[in-house]
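Hi,

Here is the model I promised to pass on. Have a look at it first, and my notes on what turned up are below.

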Amino acid sequence: MTLSTLDWGIIIFFLSLFAFIGIYVSKQAGTDSKSFFLSGRNMPWWLLGVSMVATTFAADTPGLVTQLVRENGVSGNWVWWAMLLTGMLTVFFYAKLWRKSGITTDLEFYELRYSGKLASYLRGFRAVYLGVIFNVITMAGVCLAGAKIANILLGISQETMLIYSSIIVVFYSAFGGLKGVLITDFIQFIIAMIGSVWATIYIVNLPEIGGTTSLLSHINVVDKLAFLPDFNNTEALITLLIIPIAVQWWSTWYPGAEPGGGGYIAQRMLAAKDEKHATWATLFFNVAHYAIRPWPWIMVGLASLIIFPDLSSINATFPSLAKSMQGEDVAYAAMMTYLPSGLLGIVLLSLIAAFMSTISTQLNWGSSYIVNDLYKRFLKPEATDKEQVLVGRISTIALMICAALVSFTLQSAGEVLNLLLQIGAGTGLLYILRWFWHRINPWSEITAMIVSFIIAIFFFINGKLDTPIIELAGHWQLVSGVVATTISWVIVTLLTQPSDKNTLETFNQLIFGEDSKFKGFGNKITGFFLGVFGVYSLLFSIGKFIYGENLIAIGLLAFTAVCGFIISRILK
C-alpha cells in the first residue's frame, strides 16, 4: 500500500527527533562507561519503569499476541501472562539487592558471589552467551517482525527495511548511550500506546466488524473470549495454563522476565537513584506490561478473525509476502492496512518506535557486556573510559549486523518465543536460589547453560527436519528441558565445592548487611501474592469492561485497589 504525504511527514519528523536526542546527549554519554551504560546512576523510577515497558513492546509483540489469540483465543496469552510471577518476585525480593550491589552490569555479580578463576571465566562466558548469542537471537526475532510489517504496509523487502532501520537505531544507540535510550523510550512508549489504542478503536468500528458488540458475538470470535482455557480440554489446559503457571515462570530465563532479575531489567535497576526507585520502577513495569498494554492487541487479534478467518485468506490478500515470512503473526500488520491516512502514519510510527526501542535497549545492554565483562575485564584492563565507550559503539554496530543476518533464518514470533524459552529452560531456579543457597557455584551455572543450550538447539534443528528424530509437542519439549537441566545442575552443585567462606561473607555483607538474608520474608511473600493477584485482577477488570460485564469489572478493580494500598504500605 502507499503512504500519504501526511504519513511520511509524521514518520520523518519523529525519526529526526530520535536522531537529535542521540546527538544531544552524546557528549554526556561519552564521558565514561558508567555514563554510557548506566546514565550516571541517577535515573528516577518513572523513567526507568516506562523504559522497561517500552523495551518489552517490540515490533514482534503485537504480532505474537495476535498469533496467540488467533490460535488459542485470549487464554493463549498465559504463555507470557504467567511470567508476571517472575516479575513480582523481582519486585519484592531482588530489586533492592541488585541496586545494593553497586555493579555496572549484572554479570559482575559472578565475581562478587563466586570465588576463583572459574568465576572470572564464567563472567566472560556469560558476556558472550547472553550479550552476543542470546541477544542476537532476541533482536533477530524483532528484526523479522519489523520486516513483515514493512513488507505488508510499505511493500519493501526485508533487506531494505533492515538497512534503513539499522542505520537509524544504531546511530542514536551508539551515540546517546543508556540516557539516549531512556529518553527515546519514553517518547516511543507514548507514541506506541496512542497508536495501538487509536488503531484498535478504528478497526473495531470498521463496517466489516460493526463495533464491540458485533465483534464479541461473531461466530469466529465467540469461542475465543475466555480468559482461561477450557477445563474439559486436557491438552489445552496443560499447554496454555498448567505448564506456564506450574513450571515455566520459575524455571526459564527469558529477556524481560528473568527469574531473580537480570538483563536489561537489571541494567535499569542498577541505573536507579536508589533501591526504592529500583523497586518502584520494576513494579510499574509489571503493572503496565501485563495488565494495561495487552488489550489493544488482543482486540485486533479477535477482529482479524473476522477479516482474515484463516492463514490462507491472509496469504491470498498479500501474495507478494515471501513464504518464509508467512504466519498467523502477520495478521496484526494486515489489519493495519485498513487504517486511514494520518492514523496509518501514527500506527506505523508506533511500530517503528517499538522496534527501535527494543533494538536500542538490546544493543546498549549487549555492548555493556562486551565492554565491561569481556574487553575491560580480560582483553584490556587498563582501557581508558574513552576507549571503553569507543568499543561500546563499535560492538553496537556489530551486534546489529549479526541480528539482521540471523533474522533470515527465523519464520515467526511464536517460533522465536519458543526458542528463547527452550534455551533458558531449567536455568531459572538457579538464578532465584543463588542469592540465598551458598552451595551454588560456577560449575552449577556452567552446567545449566550448557545442558539447556544443547537441548534447545537439538529441538530447534529437529523441528526443521523433514523427518524429525523425535516427535514431541513444544510444551513437552520445554518440560523435558527443564527437568534435564535442573537435575543436571543440582547434581553438579551437590558434587562440587561452594565458593570460599571469605567470598560468601563479603557478598552477604554487601548485599544483606548485618541482617539475616531472610529478614522480612513474610512481608515480601505477602507483597508478592498481592502483586500477582492485583495485576491479574486489573488485567481481567479491563477485559470485563470491554466485554460489557461492568459489575464484575468494578469488583475486580476494587480488589486491585485494595492490593495496591497494602503493597504501598509494605514497600514503605
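W98 and F109 are both buried (buried means under 20% relative accessible area, exposed over 50%, partly exposed in between, with a 1.4 Å probe and protein chains only). Before going on: this is a predicted model, where local features need pLDDT of at least 70 and side-chain atom pairs count only at pLDDT 80 or more, while totals for chains, interfaces and linings use all residues. Residues are numbered from 1 along each chain as its sequence is written, and side-chain values use heavy atoms, with hydrogens and water left out.

How many aromatic pairs does a search of the whole structure find? There are 38 of them, counting rings of Phe, Tyr and Trp (its six-membered ring) whose centres lie within 6.5 Å; planes under 30 degrees apart are stacked, over 60 edge-to-face, and the rest tilted. One is W45 with F284, an edge-to-face pair at 6.1 Å centre to centre and 65 degrees between the planes. That pair links distant parts of the chain, 239 residues apart: W45 is in helix α4 (residues 45-56) and F284 in helix α14 (residues 275-292). Helices here are DSSP runs (H or I, at least four residues), numbered from the N terminus. W45 counts as partly exposed because its relative accessibility is 32%, and F284 does too, at 30%.

Back to W98 and F109: they form a tilted pair, 5.8 Å centre to centre with 50 degrees between the planes. W98 lies in helix α7 (residues 84-101) and F109 in helix α8 (residues 109-113), so the pair ties together parts 11 residues apart in sequence.

Two last items. G548 follows α25 with a positive phi, near 85 degrees. And F458, in helix α22 (residues 442-464), is partly exposed because its relative accessibility is 32%.

Cheers

Note on methods
Helices (H or I, at least four residues) and strands (E, at least two) are DSSP runs, numbered from the N terminus.
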